[in-house]
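Here is a short briefing on charged side chains and how they pair. Look at the model first, then read the points below.

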Amino acid sequence: MNKTDNGLKDKVVGKVKEVEGKVTGDKMREAQGKAQQAKGKIKDKAKRLKEDLEH
């Protein structure tokens, strides 16, 4: 995992996809956005856990 990859990119891009899906009525795009946001949150948690274990 990249040291600067804290999941923020996935959370932001995921939110954009979710909103795009809601606006256009594309349920698949909305679901993709939610999944990408979850991926970003998992990356954040994994990074914090790794940092805790290193200290």
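Asp-10 and Lys-43 form a salt bridge through their side chains, with an N to O distance of 2.7 Å. Their link joins distant parts of the chain: Asp-10 sits in helix H1 (residues 8-24) and Lys-43 in helix H2 (residues 27-54), 33 residues apart. Both Asp-10 and Lys-43 are buried. The model is predicted. Across the whole structure, a search finds 7 salt bridges.

**Pairing in general**

- Side chains of opposite charge can pair when their charged atoms come close.
- The Asp-10 and Lys-43 pair counts as a salt bridge because its 2.7 Å N to O distance is within the 4 Å cut-off.

- Lys-15 forms a salt bridge with Glu-18, and their closest N and O atoms are 3.6 Å apart.
- That 3.6 Å distance also lies within 4 Å, so the pair qualifies as a salt bridge.
- Both residues, Lys-15 and Glu-18, belong to helix H1.
- They are 3 residues apart, about one turn of the helix.
- Is Lys-15 buried, exposed or partly exposed? Lys-15 is partly exposed, because its relative accessibility is 41%.
- Glu-18 has a relative accessible area of 7%, so Glu-18 is buried.
- A network of salt bridges links Lys-15, Glu-18 and Lys-22.

**Glu-20 and Arg-29**

- Which residue forms a salt bridge with Glu-20? The partner is Arg-29, with the closest N and O atoms 2.9 Å apart.
- Glu-20 has a relative accessible area of 36%, so Glu-20 counts as partly exposed.
- Arg-29 has a relative accessible area of 25%, and is therefore partly exposed.

- Asp-44 is placed in helix H2.
- Why does Asp-44 count as buried? Its relative accessibility is 12%, and buried means under 20%.
- Leu-8 lies 36 residues from Asp-44 in sequence.
- In space, the C-alpha atoms of Asp-44 and Leu-8 are 7.9 Å apart.
- Asp-44 touches Asn-6, Gly-7, Leu-8 and Lys-11, leaving aside residues up to four places away in sequence.

Conventions: Residues numbered from 1 in each chain as written. Predicted model: local features only at pLDDT ≥ 70, side-chain atom pairs only at ≥ 80, totals over all residues. Heavy atoms only, no water. Helix = DSSP H or I, 4+ residues; strand = E, 2+ residues; numbered from the N terminus. Buried < 20%, exposed > 50% of the residue type's maximum accessible area, 1.4 Å probe, protein only. Contact = heavy atoms within 4.5 Å.
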